Amino acid sequence: MRDAGREGSSRKEAFPGELLPPQYVRSKLAYELSHAQSPFGYQERGNLPGLADKEYETFIDHVSQCYRRSREQFVVHYKKKYEKQPDGTSKLPPYWIIVETFDFGLTSQLYKGAPKQVKKKIANGLGVQMPVLSSWLHVLNTVRNTCAHHARLWNKVIGFKPSVPKNDPAWAYVKEHNDRMYAVLTILNYLLSRIAPQTRWKARLNGLFESYPQIDKARMGFPE
């Protein structure tokens, strides 16, 4: 029988790093989009050309919900001081505030919707192509949702297969095994090494595997 407590503890040890890449991307999006458009650019349909009309409507609805639910001090301050308009209507905040209320899914959607030049600049800063980063954000969101629902993860077959950098032999194995957790862990390690070079996440992950030698890493997609 699966030891749910042990798996939950292992999941928390393995995936604290999953928080950092979306935080990095959403802060970059806020900066680049504010300068390319306006501080409130996301409220205009044409500023997120990568989203279909229905996707944009869903995005704005979700943005509004996350903002209304937030109890962060800076959000409370904004609501008190700036939210109400002379006509009594409410106003959503600028990019640099609203993105801090985003969940993983909204970060992925904002990146998808952003103009190509913005997506390209952020992706290039991480050393990958736009479609690759978009797929990585999507798969990290999938993994995060699995963690949030306390579902089995360690040997899970990933329903969404992430892309990898083209013509790079370092990614050849991951390309052929991109439906297993090894691919997700490799992506996380790559992103964290670019965002926070001082990270010890890989060492902590290796320590976790040493603590549980009975784990069959081959079932996670690790090379034999």
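User: Where is the place of Ser108?

Analyst: Ser108 sits in helix H6. Helices are DSSP runs (H or I, at least four residues), numbered from the N terminus. This is a predicted model: local features need pLDDT of at least 70, side-chain atom pairs count only at pLDDT 80 or more, and totals for chains, interfaces and linings use all residues. Residues are numbered from 1 along each chain as its sequence is written, and side-chain values use heavy atoms, with hydrogens and water left out.

User: Is Ser108 buried or exposed?

Analyst: Start with the cut-offs: buried means under 20% relative accessible area, exposed over 50%, partly exposed in between (1.4 Å probe, protein chains only). Ser108 has a relative accessible area of 11%, so Ser108 is buried.

User: With which residues is Ser108 in contact, leaving aside its neighbours within four places in sequence?

Analyst: Contact means heavy atoms within 4.5 Å. On that basis Ser108 is in contact with Leu137 and His138.

User: How many cavities of 30 Å³ or more are there?

Analyst: A cavity is a set of points, on a 1 Å grid over the protein atoms alone, where a 1.4 Å probe fits but cannot get out. Grid points are joined across faces, edges and corners, and a volume is the space filled by probe spheres set on the points. The count here is 1. The largest cavity holds about 30 Å³.

User: Which residues line the largest cavity?

Analyst: Lining residues have an atom within 4 Å of a point. Here they are Pro22, Phe104, Thr107, Ser108, Leu137, Leu140 and Asn141.

User: Which residues are buried in helix H11?

Analyst: The general idea first. An α-helix has 3.6 residues a turn, so residues three or four places apart point the same way. In H11 (residues 201–211), Trp201, Leu205, Leu208 and Phe209 are buried. They share one side of H11, because they cover an arc of only 95 degrees around the axis. That arc is taken from the directions from the helix axis to the C-beta atoms. The face turned away from the buried side carries the exposed Glu210 and Ser211.

Terms used
Helices (H or I, at least four residues) and strands (E, at least two) are DSSP runs, numbered from the N terminus. On a 1 Å grid over the protein atoms alone, a cavity is a set of points where a 1.4 Å probe fits but cannot get out, and a pocket is an open set with protein on both sides within 12 Å along at least five of seven lines; lining residues have an atom within 4 Å of a point.
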